[in-house]
Each structure stands twice: as structure tokens, then as C-alpha cells.
Amino acid sequence: MVGAGIVGLATAARLAARGDDVVVIDKEDDVAAHQTGRNSGVVHSGLYYAPGSLKARLGVAGSRSMVAFAREHDVAVDVCGKLVVATSDDEVPRLHALLERGTANGIDGLRLVTPAEAREVEPHVACVAALHVPGTGIVDYRGVCAVLARQAREAGGALRLGVRALAARTASDGVQVALEGGEVLRADALIACAGLYADRFARASGVDPQARIVPFRGEYYELAPGAADLVRGLIYPVPDPRFPFLGVHLTRMIRGGTHAGPNAVLALAREGYRWRDVVPADVLDAVTWPGLWRLAPGKLSIAAGEVVRSASRHVFARSLARLVPGITAADLVPAPAGVRAQALGRDGRLVDDFLVARAPRQLHVINAPSPAATASLEIARHLESLLV
Ligand SMILES: Cc1cc2nc3c(=O)[nH]c(=O)nc-3n(C[C@H](O)[C@H](O)[C@H](O)COP(=O)(O)OP(=O)(O)OC[C@H]3O[C@@H](n4cnc5c(N)ncnc54)[C@H](O)[C@@H]3O)c2cc1C
């Protein structure tokens, strides 16, 4: 296995439990160092995803299995529910469409509520209508990963951290994985869950990833202590259907505090957590991909708006104040960012669903954006079913 994020670890724990001899390679010295350890910590209910898609199927099942797993292993989790709020009349039809989609995906308890009912849940929210999603939760994904890593080890698996996998090659009797430093591992099969490097590792291994990873940084602020009382749980805007991200939202974190964000700006490095992180090869990778230039103009204008919001705390605060009017720029304290690995097709379409590229004895998880942390235990089950 390559990648000790939540998808790799969930898969390793699952395969080790059935008796496979599993080795997980990660270039970092600790597990969950990238997307998994830098996300919003939300257990999504499966509201947004096209019925029948992997995201819908594995996401809805995952929301249940993740909560059950956390409870069983004493990982902090709280099913606090969330509100998706329409702040203008033109968003109301999209709220209805979300309700229909969520219902089609089998989510229980969804309810359209009036502004007065919304304020019973979140006393400071402003809206013309809202959707209450009682099954959404928050969890400690790093804690989940610690349990998964322990389970993998206890079942006989090994974690080799701090070593980069360079490429894999399928041979007649197995697969060989070349590691930095010259070592070559031999295995019956390889599963790569390499997140921000998924396409590059697939290409290096002779597998067509069918897409390129474009890194979208998500910047967060933390609400200052005085303002944190303005939010009880999770408050989300109605997402813009032209964009795969959910819009800046307010999220109570399981370890305390309330996060505001993330926005979505094109990062200038795959692991570019700040504007000043620039890796020319990563920029080249993005700009030489035809898909980037074929992105629909609508998406480019949203992207430009996200850059403005990144540059100005006041603009960021204005987006939040649409949801909770009391929030101002003075309430926002910068918090660490995350970078999303979003696959972009050659045709300029952002790959919507989870995507796995397959070759003999190799599986490469190419697109596993949100809600892949929520769905990770189910993605592991899915990957196991693809191993032949
Ligand atoms: C800002 C943000 C907010 C999000 N919010 C949520 C949320 O609230 N709920 C939710 O369900 N999902 C959320 N997500 C999505 C979720 O975090 C990801 O879908 C999930 O973490 C993906 O896990 P992963 O294991 O595929 O990738 P990662 O966690 O990125 O792990 C990939 C691992 O592969 C390693 N690696 C890469 N290349 C190599 C190599 N060549 N050799 C060795 N190791 C390598 C990396 O070091 C890394 O540890 C969010 C993501 C972001 C970025």
C-alpha cells in the first residue's frame, strides 16, 4: 500500500484483518499528514452527491460506519446535525433540490425549516429557509487514523513511514515497488492511496490516471472566543452547483473551537499550504494539462472570486456574515490550511465521483475528495472488492 492517509489506513486495516500481509509506505514521518489531518472534521451525511454514484453510496454508508467506528473505539465524535441555509430567495429552489437528492440517497430526518425554526437550532443564523440535516456529525479523523494504524499493526501489518515510493511495476509473478534509497519491495498487489500525488504515482507506475490532480487550497479561520458563541454546530451555505466545493461554512470542531472556511484557491504546489509555497514542477503540471484551459468560464469566475476572498479577511467575513450576521473581520483568527486533491479531466471537467484507475495487480485511487474521509471505511471495502 502507498499512502497512510485515512483511505490507505482503512484499507490496510481491512486487508490485514482478513490475513493479508500488508505494508503501508508513506513519505511523511506520521500518518494523516496531508488531507486527512487538515480537513474540516465533518462526517457528511451524503446530501450532495448524485444518486447511484460511488460518493452517494459509499458516503451514506460511510456516515453510519464512521460514527459507529468512532463510538466503538472511543474516538471523539458528535452527531450534532447541521443547517444548510438559503440566504436569498433564488437559493430556495436549490435547497429543495438538495432535499430531493438527500431523500433519494436514503438520508433520514431531512427537514425544510422556516427561519424561526432554523433559529431554534442556531439562534444567530440569518436565512429565508433552511434544510436541517440531523445526521451530520463531527469527528476526530486523526484519532480514527491512530486506531486504524494500530489495528493494521496488531493484525500483522507494517507501517513504513518517512520513505517515498517512486514507482511500481507489474511483473508476471507480482508487483515491484521501488522506494527512495534504492530498495525494491515485492508484493502480490499494490493499492496506492497517494492523495495529492495520486496521478503522478500512477503515471510513474505505467497506469493512465485518466485525469490530473489539481491542488485546491482551503484556507480556514478560527472564530475568536467572543464570536464562537454565535455558532452551536454546523452552518453551511447552499452550494453553487457549478463548483465541487461546499462554500465557506462554519464548523464546530470536535477538539473545541469553531472553524470558518475553507475557501478554494488553486495552490501553486501540491502541498502548498501558503501562497508563498511554490513548486515550479507542480505549476507546470497544472498549466500543461489541457483540462485547466478547458475549465468552463463560469468556474474561472468563481475561482477568481475565491482568490479575492483569500486576499481579504473582510471579504471572507462578509461571506460568513451572510450566514451569521454578527461575524466581522475582527472575529477571524488565521488557522492552518488544507489542500484538496481534485482530479481534473482532459476535457476540463472536474471529476465528480470517486475514481480508481486499475491495471493488473495495481489499484490507484485517483479521485478521493470530500466526503472520502467520511466514506473511508466503505472505500476500503470497495477497494477490497476490486482486488482480484
Ligand atoms: C480542506 C479540506 C476539508 C475537507 N473536509 C472534509 C470533511 O469535513 N469531511 C470529509 O469526509 N472529507 C473532507 N475532506 C476530504 C478528505 O480529507 C479527503 O477526502 C481524505 O482525507 C482523503 O484521504 P486520502 O487517504 O486519500 O489522502 P491523504 O490524506 O492526502 O493521504 C495521502 C497520503 O499519501 C502519501 N503519499 C503521497 N505520495 C506518496 C509517495 N509517492 N510515497 C509515499 N507516500 C506518499 C502522503 O504523504 C499522504 O500521507 C476535506 C479535505 C480538505 C483538504
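Author: We begin with a polar contact, a pair of N or O atoms within 3.5 Å; within protein, one must be able to donate a hydrogen and the other to accept it, and residues adjacent in sequence count only if both atoms are side-chain atoms. Here, an oxygen atom of the ligand and a polar side-chain atom of aspartate 26 lie 2.6 Å from each other. This is a predicted model, in which local features need pLDDT of at least 70 and side-chain atom pairs count only at pLDDT 80 or more, while totals for chains, interfaces and linings use all residues. Residues are numbered from 1 along each chain as its sequence is written, and side-chain values use heavy atoms, with hydrogens and water left out.

Reader: How many residues surround the ligand, and which are the closest?

Author: A residue is near a molecule or strand if one of its heavy atoms lies within 4 Å of it. By that rule 37 residues surround the ligand, the closest being Asp26, Thr36, Val42, Ala368 and Thr374. The shell around the ligand holds 18 nonpolar, 13 polar and 6 charged residues, where Ala, Val, Leu, Ile, Met, Phe, Trp, Tyr, Cys and Pro count as nonpolar, Asp, Glu, Lys and Arg as charged, and the others, Gly among them, as polar.

Reader: Which helix or strand supplies the largest share of the shell around the ligand?

Author: Helices (H or I, at least four residues) and strands (E, at least two) are DSSP runs, numbered from the N terminus. Helix 1 gives the largest share, 3 residues. At least two residues of the shell come from each of helix 1 (6–17), strand 1 (23–26) and strand 18 (332–344).

Reader: How many aromatic pairs are there?

Author: A pair of aromatic rings is described by the distance of the centres and the angle of the planes. Rings of Phe, Tyr and Trp (its six-membered ring) pair if their centres lie within 6.5 Å; planes under 30 degrees apart count as stacked, over 60 as edge-to-face and the rest as tilted. The count by this rule is 2 aromatic pairs. Tyrosine 48 and tyrosine 49 have ring centres 6.1 Å apart and planes at 65 degrees, so this pair is edge-to-face. Tyrosine 221 and phenylalanine 316 also form an edge-to-face pair, with 4.7 Å centre to centre and 80 degrees between the planes. This pair links distant parts of the chain, 95 residues apart: tyrosine 221 belongs to strand 13 (residues 212–223) and phenylalanine 316 to helix 11 (residues 313–323).

Reader: Are tyrosine 221 and phenylalanine 316 buried or exposed?

Author: Buried means under 20% relative accessible area, exposed over 50%, and partly exposed in between (1.4 Å probe, protein chains only). Tyrosine 221 and phenylalanine 316 are both buried, and tyrosine 48 and tyrosine 49 are buried too.

Reader: Where does the charged end of lysine 82 sit?

Author: A charge sits over a ring if NZ of Lys or CZ of Arg is within 6 Å of the ring centre and within 35 degrees of the ring normal. The charged end of lysine 82 is over the ring of tyrosine 236, 3.7 Å from its centre. Likewise, arginine 217 lies over the face of tryptophan 275, 4.6 Å from the ring centre.

Reader: What should I look for in the backbone?

Author: Most residues other than glycine have a negative phi, and most peptide bonds are trans. The bond from glycine 261 to proline 262 is cis, with omega near -5 degrees, and proline 262 is in the loop between strand 16 (258–261) and strand 17 (265–266). Serine 370 and proline 371 are likewise joined by a cis peptide bond, with omega about 10 degrees.

Reader: What is the phi of alanine 32?

Author: Alanine 32, although not a glycine, has a positive phi of about 60 degrees. Alanine 32 counts as buried, at 2% relative accessibility. Aspartate 74 also has a positive phi of about 60 degrees, but aspartate 74 is exposed, with a relative accessible area of 74%.
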